[in-house]
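Hello,

I am passing on the structure we talked about. Please load it first; my notes follow below.

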Amino acid sequence: MFEIKHTLCPSCSVGCGINVILDNDEVVGTFPYKRHPVNEGKNCLNGRNSVERFNDKIGSDIDLDKAIMEISKEINDSDKVTVLLSGNNSLEEASAIKSFSDENNFNIAFYADDLGNFEDVASYNDVENASNVLIIGDILCENPLVGRRIVHAKQNNAKIFSNIKAEKSVTANISDEVSSSSVGEFLDKYSNLDDSSVIVFNTVDSAEDLDKIRNSGLKVLPVYSKPNTKGVLSIVEDNSKDELIEVLNDTDVLLVVNDNIVDEIDFDFKSISKIISLSAFENDTTKISDIVIPIKSWLEYDGSFVNAMGDTQNFSGVLESDVSSVFEIFEKINN
Ligand code: SF4
């Protein structure tokens, strides 16, 4: 029997709604959720393909009790345990993971794309109504449903200035001026814009760039690569890439919760004695992990994500699953 159920896209922080198409409880496709206020009936290719990760779903045919015992031994025997939170964790999961780490005196690490934490951010309407939009990164390609708001701003006569390293990019095509200079030089060049201008960015060159963005006096919109990075930032502080590498250099046991950090940072993970992954899907991090525990995917539990502009959005599970949740796994480890 075909069914269509509504949830959120997990493929970036914009927070678009998607409809999942189920055939006898199997995910077979997606199509856009017409009335969703963020994406208004559109999804990008990444969003439409988000359910393809079900092709890499980790099977539940493991001896869970044995794996939990192994994990308990590893984390009890070491005084250098690091728990890596992820922007893929829901708000509720992130709170539970933090409590678990605090109770056990483990290090917590969290990587937020090196974009930092901005308390006050621009809304998507602010972007549409901006007089000027400064873009850092290929937003139209990588976060198209924010890119769509930038196109609307241009239709409203905004000037679009972009800083993009790639020779060709979708964002460059709609920009009035394109620069491939350092982000710092780019920000200096446009430091006198009026205060209805907005900076939209999904990359920077350095922490100094973040300071310049903070001190610009303009509205800013960091667009993270994961659906709940902004939500997790309200629970723990983020680590820059360099800070994270420092933490990992001092880690014997790394517990990764629903993340693929191996693809994000250049680090010799072989230097860590034990890597334990809790993950719904196979990825390069689960492939090098010593212990892998399957957990429910975002389609299999209820929770909430905070999108790039700071709105908390609830989602409901659309699939039944007998796989354990993050909460159940941590409860078992603690017992
Ligand atoms: S813009 Fe981001 S949230 Fe929206 S459909 Fe694309 S990947 Fe998903």
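**Ligand shell, domains and sheet**

Both domain 1 (2-56) and domain 3 (125-221) supply at least three residues to the shell around the ligand. Bear in mind that this is a predicted model.

The ligand has 14 residues around it, and those that come nearest are Cys 9, Cys 12, Cys 16, Cys 44 and Gly 47. By residue class, the shell around the ligand holds seven nonpolar and seven polar residues, and no charged ones.

On the domains: besides the two already mentioned, the domain assignment gives domain 2, made of two segments, 64-113 + 229-334. Between the C-alpha centres of domain 2 and domain 3 the distance is 32 Å.

Next, the sheet. Five strands form an open sheet with parallel pairing, in the order β8-β7-β6-β9-β10. Its edges are β8 (177-179) and β10 (219-222); each has a single partner strand, so one side of each is left without a neighbour in the sheet. On average, neighbouring strands of this sheet are turned by 15 degrees against each other, direction ignored.

Within the sheet, β6 (residues 132-136) and β7 (residues 159-163) run parallel and are joined by five bridges. Ile 135 has Ser 162 of β7 opposite.

Regards

Methods. Residues are numbered from 1 along each chain as its sequence is written. This is a predicted model: local features need pLDDT of at least 70, side-chain atom pairs count only at pLDDT 80 or more; totals for chains, interfaces and linings use all residues. Two strands pair if DSSP finds at least two bridges between them. Helices (H or I, at least four residues) and strands (E, at least two) are DSSP runs, numbered from the N terminus. Axes are lines fitted to C-alpha atoms, for helices over the stretch in contact, and angles run from 0 to 180 degrees between N-to-C directions. Domain bounds come from an automatic or database domain assignment. A residue is near a molecule or strand if its C-beta atom, placed from the backbone, lies within 6 Å of it. Ala, Val, Leu, Ile, Met, Phe, Trp, Tyr, Cys and Pro count as nonpolar, Asp, Glu, Lys and Arg as charged, and the others, Gly among them, as polar.
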